[in-house]
Amino acid sequence: MANAAINNADDLRTAEDDAAIDGLSSAVQSLLPALERFTRFDQPERTASERAVWSAQLDEPLPKQGAGADAVLKTLSDVVIPHGLRIGSPGFSGWIATMPTMIPAAAHLASAIAGPLIVGVQSFNLLEALALRWLAELLNLPASYQGLFTSGGAVANLICLGAARQHAAEQRGSDPALHGIASLPNPRIYTTSQVHHSIYRAGGVLGLGRQAVVTIPTDEALRMDVAALRRQIAQDRAAGCTPIAVVANAGTTNTGAIDPLPEIIALCREQDIWLHADGAYGLFGVLDPAIAHLYGDLSMIDSMVIDPHKWLATSMGCGGLFVRDAQLLARAFRLEEAGYVEGSLPIYTADTPLTSQLDDFGYMFQGFGIEHTLPSRGVEVWAVLKEIGADGIKARVCRHNAYARYLAERIQETPELELVAPVTLSTCCFRYVPEALRSRTDQATIQQLNTLNRSVLGRMRARGRSLPSATVLGSAFVIRSCFINPRTTLADIEAVVEEAVACGAEAWAAMNNN
């Protein structure tokens, strides 16, 4: 154990840290069997029912003296890993999230040790830039777009709307990053009720206000009504409001709906309003030839969000964005120089070779967003694309979209189930409707169906074979399956129907018995 107090130079000579700093191979090897067992998903999920047991094993007072590395590894293997979150299970189709496949998981471990920061002359810095370049090429974006990896779509949306704020103010001769937003009276951000809720928070954080987010009506397919958008913009301009951005959905979280992007692009170019596309989930859908036309020309969109930790199945915490005007983005998120950073760099002549990887920052990303100490995120994206290539990603997207269409067909063939929203991407929304309640639309029936389907969802999850989520569309509580999991097979799609029918019958019988 290291000495707690240092009294003289002799104490310093013999002092050692308590943490293990070698033996990485044996430490990782000791965890692998537990991780392998976890990823097989061949046992029923008992974590919820055993919560009291494993919580008691983990929830302890702060140790005064450490138990040592072996004790930590044993607890990880025996308690922590077996009771982790099973969103990588083939039957999981709930949130738009999954666990990483093996290669990006390995790359994540590599970056934690060898690339904890992306600055400096080093391989992980290069791969950050390369992965962004590959993503842009995959999406057919011009190389001039500025890319940035973030912790997720919420932060990416915030940054993109920060760029939109900068654009709107500069049109009026002001710099909001320097002077504030006084030049933006009554700001307006236009979107629909289907937008991700992080957009409202972004409006609040950016000083525009949550009330700046104006809800535009949708059509029967839950897509933005462009004619209504045009009318709202004209009305707001006449009232002295300041349009900041239109936020179009390139795949909503609720249903996977894609707003009519070609029409919105044309309107925003005509009105000179910043167009932001939230494609955190659905932007990769452009790789599916069946729906690629719905996206229009992505190079005409001012900013867009995309989350590799969704369809690319990297580790969580890997979001991303692209902004068409790199210099404007840099002005919006300018980072003042610091003496211990820029001021510490050596002064080289043009032909002088570097002598240390710390004498140059390499590709710099800190000035394009809100994070400063950036971890290596691009290495996982590079690893996925290196492993399966553009064709592999395209095949995954097409397969998952086809799963959702197939599920919709099976639902429409099943009398007890009702499809409640069109299928565009890999999301399918439905509900269980017993024969006695079909064709009834009165409020009492709606409430009864909502209660019933909440019970159906709970029963499906408890059985553990199919793990969908739910959402509310209008006044209807509906079951929602979204397929982005590389481990999901057609048998898992069939299971959704079988489980919904079985659990629906059980829930309906239980309601009537009460």
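The structure is a predicted model, in which local features need pLDDT of at least 70 and side-chain atom pairs count only at pLDDT 80 or more, while totals for chains, interfaces and linings use all residues. Residues are numbered from 1 along each chain as its sequence is written, and side-chain values use heavy atoms, with hydrogens and water left out. Helices (H or I, at least four residues) and strands (E, at least two) are DSSP runs, numbered from the N terminus; two strands pair if DSSP finds at least two bridges between them.

Within the sheet, β5 (residues 242–249) and β6 (residues 274–278) pair in the parallel sense over 5 bridges. Asn249 stands opposite Asp278 in β6.

Strands β10 (residues 427–432) and β12 (residues 476–482) pair in the antiparallel sense over 4 bridges. The bridge partner of Phe430 in β12 is Ile479.

## Val496 in helix α16

Val496 is found in helix α16 and counts as buried at 2% relative accessibility. The term buried denotes under 20% relative accessible area, exposed over 50%, and partly exposed in between (1.4 Å probe, protein chains only).

Leaving aside neighbours within four places in sequence, Val496 is in contact with Leu407, Phe430, Met460, Ser466 and Ser481. The C-alpha atoms of Val496 and Leu407 are 8.1 Å apart in space, although the two residues are 89 apart in sequence.

## Packing of helix α4

Helix α4 (residues 69–80) contains the buried residues Leu73, Ser77 and Val79. The buried residues of α4 pack against α2 (24–40) and α3 (51–58).

## Ser299 and the loop between β6 and β7

Ser299 lies in the loop between β6 and β7 and is buried, with a relative accessible area of 17%. Its side chain makes a polar contact with the side chain of Asp297 at 2.5 Å. A polar contact is a pair of N or O atoms within 3.5 Å; within protein, one must be able to donate a hydrogen and the other to accept it, and residues adjacent in sequence count only if both atoms are side-chain atoms. Not counting residues up to four places away in sequence, Ser299 touches Leu141, Pro142, Tyr145 and Arg324.

## Aromatic pairs

The structure holds 4 aromatic pairs. One of them joins Phe92 and Trp95 in an edge-to-face arrangement, at 5.8 Å centre to centre and 70° between the planes. Phe92 is buried, with a relative accessible area of 11%, whereas Trp95 is partly exposed at 49%. Tyr281 and Trp311 form a tilted pair, at 5.5 Å centre to centre and 35° between the planes. This pair links distant parts of the chain: Tyr281 is in the loop between β6 and β7 (303–306) and Trp311 in helix α12 (residues 308–311), 30 residues apart. Both Tyr281 and Trp311 are buried.

Rings of Phe, Tyr and Trp (its six-membered ring) pair if their centres lie within 6.5 Å; planes under 30 degrees apart count as stacked, over 60 as edge-to-face and the rest as tilted.

## Cysteines

A search of the whole structure finds 0 disulfides, a disulfide being a pair of cysteine sulfur atoms within 2.5 Å. For Cys241, the closest cysteine sulfur is in Cys268, 17 Å away and therefore too far for a bond. Cys503 is likewise in no disulfide, and the nearest cysteine sulfur, that of Cys428, is 17 Å away. Cys241 counts as buried at 12% relative accessibility, and Cys503 is buried with a relative accessible area of 0%.

Note on methods:
Contact = heavy atoms within 4.5 Å.
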